[in-house]
Amino acid sequence: MKVGTVRVDDALRIVVELDGEPRLLDAADGSLDLLFDIGPDVQERLVQGWKNGAAADLATLRWAPPLRRPGKILCVALNNSANPQRIISGPEEPSLFVKPTSSMVGHGEPIRLRSYYGVVHPEPELAVVVGRTGRDIDERDAMDHVFGYTMINDLTSPTMRREDTFHYRSVHPGTDGQELEYRESWATYLGRYKGSDTFGPIGPWIVTTDEVPDPHALRVTCTHRDRLITEDTTANLRFSVRTVIAFASRFLTLEAGDIIAMGTALKRSEGAPALQTVDLTSMGGPLSMSIEGIGTLTNPVEVDA
C-alpha cells in the first residue's frame with residue numbers, strides 16, 4: 001500500500017494506492033496524522049477508506065508532505081559506510097539530530113532559498129515512518145515499530161554551518177572537583193543550516209513495510225536538472241534501521257507518526273560532481289531523488305534576493 005496527502009480545493013485529503021489503483025479517501029476520514037493519533041490500526045483504516053474512496057488521477061494531484069506535523073524528524077548523521085574514511089574522531093554509535101517539521105515541503109512544491117543562505121546542497125535519504133510508539137525497544141523487536149518508508153532530501157547549508165560554529169573554551173570541573181578547567185572545544189548548532197524553511201522535501205508516498213521486504217537493498221539516486229549526481233544503495237548505510245530504532249529509543253520515546261531519516265546516499269556517480277558541489281542557491285533546480293520501490297520526489301527551486 002502507498003499513502004500520501006494531497007491538496008484538493010485547498011483542503012488536505014489522504015490518497016491511497018492499493019493494487020495499483022489510487023483513490024481519494026473521504027474528507028471525513030481526517031488526516032494521516034489523526035489516524036496515527038487514534039491508534040495502531042492505521043493500515044486497516046486506510047484499506048476501509050480506500051474501498052469507499054473515489055478514483056484519483058495522480059497526474060493532477062497537488063502533493064503535500066505525507067504527514068503534516070510528525071512529532072519529530074529524527075536524523076542519523078554521517079550514516080554511510082563511506083563516512084568512516086572521512087571521520088577523524090566520532091562516536092561508534094548512531095549520532096542523532098532533530099530537523100523541524102516546519103522544514104517540510106511536498107513533492108512538486110518549491111524549495112525556497114535566499115541568497116544569504118550561501119551554499120545549499122542536497123542529501124537524499126531513506127526515511128522510516130514509525131507506526132507504533134515505544135521506548136527502550138529491543139533490536140529484535142524494532143521492525144515491529146515501522147509503519148513504512150518514504151524519502152526525504154535533507155537539504156544542508158555548509159555556509160550557515162560555518163557561521164553557526166563556535167570555537168571556544170568550555171568549562172569543566174577540575175580533577176579535585178573544585179577548581180574549574182577550560183578546554184578547547186568546537187560546537188555547531190543545526191537550527192539554520194539543517195532546519196530552515198523548505199529544507200526538508202519529503203514524500204510523495206509512504207510505502208508500507210509489506211511492499212518493502214528489505215529496506216537495506218534499495219537503489220537511491222539523486223538528479224539535478226536531469227543529470228545524475230549520486231547513485232548508491234541502502235546496503236551502504238552504516239547503522240541499520242533496527243540498530244537506529246533500538247538506539248534512539250533509549251533516549252527518545254519514538255511516537256507513532258515520527259520520521260527517522262537514515263542518512264545520505266553518498267556514492268558519486270561516474271562523471272558527476274559530488275553532492276556537496278551542487279549549490280542550489282546559485283544553480284537553481286529542479287532537484288529529484290528516487291528510491292527503488294518507493295518512488296520519485298521532485299522539487300523546483302526558487303531563489304530570492
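**A sheet and a cavity**

Visitor: Which strands make up the open sheet, and in what order?
Guide: This is a predicted model. In it, 4 strands line up as S17-S16-S19-S20 to form an open sheet, with antiparallel pairing.

Visitor: What holds strands of a sheet together, anyway?
Guide: Strands of a sheet pair through backbone hydrogen bonds, and that can be parallel or antiparallel.

Visitor: Which residue in S17 is opposite Arg219?
Guide: That's Thr233. Thr233 also turns up in the lining of the largest cavity.

Visitor: Oh, new topic then! How many cavities of 30 Å³ or more are there?
Guide: Searching the whole structure turns up 1 cavity of 30 Å³ or more. The volume of the largest cavity is about 60 Å³.

Visitor: Which strands each supply at least two residues of its lining?
Guide: S10 (124-130), S17 (227-233) and S18 (259-264) do. S10 gives the most, with 3 residues.

Visitor: And what classes of residue are in the lining?
Guide: You'll find 5 nonpolar, 5 polar and 2 charged residues there. Among the lining residues are Asn80, Pro124, Glu125, Val220, Asp232 and Gly263.

Note on methods: Residues are numbered from 1 along each chain as its sequence is written. This is a predicted model: local features need pLDDT of at least 70, side-chain atom pairs count only at pLDDT 80 or more; totals for chains, interfaces and linings use all residues. Side-chain values use heavy atoms; hydrogens and water are left out. On a 1 Å grid over the protein atoms alone, a cavity is a set of points where a 1.4 Å probe fits but cannot get out, and a pocket is an open set with protein on both sides within 12 Å along at least five of seven lines; lining residues have an atom within 4 Å of a point. Grid points are joined across faces, edges and corners, and a volume is the space filled by probe spheres set on the points. Ala, Val, Leu, Ile, Met, Phe, Trp, Tyr, Cys and Pro count as nonpolar, Asp, Glu, Lys and Arg as charged, and the others, Gly among them, as polar. Two strands pair if DSSP finds at least two bridges between them.
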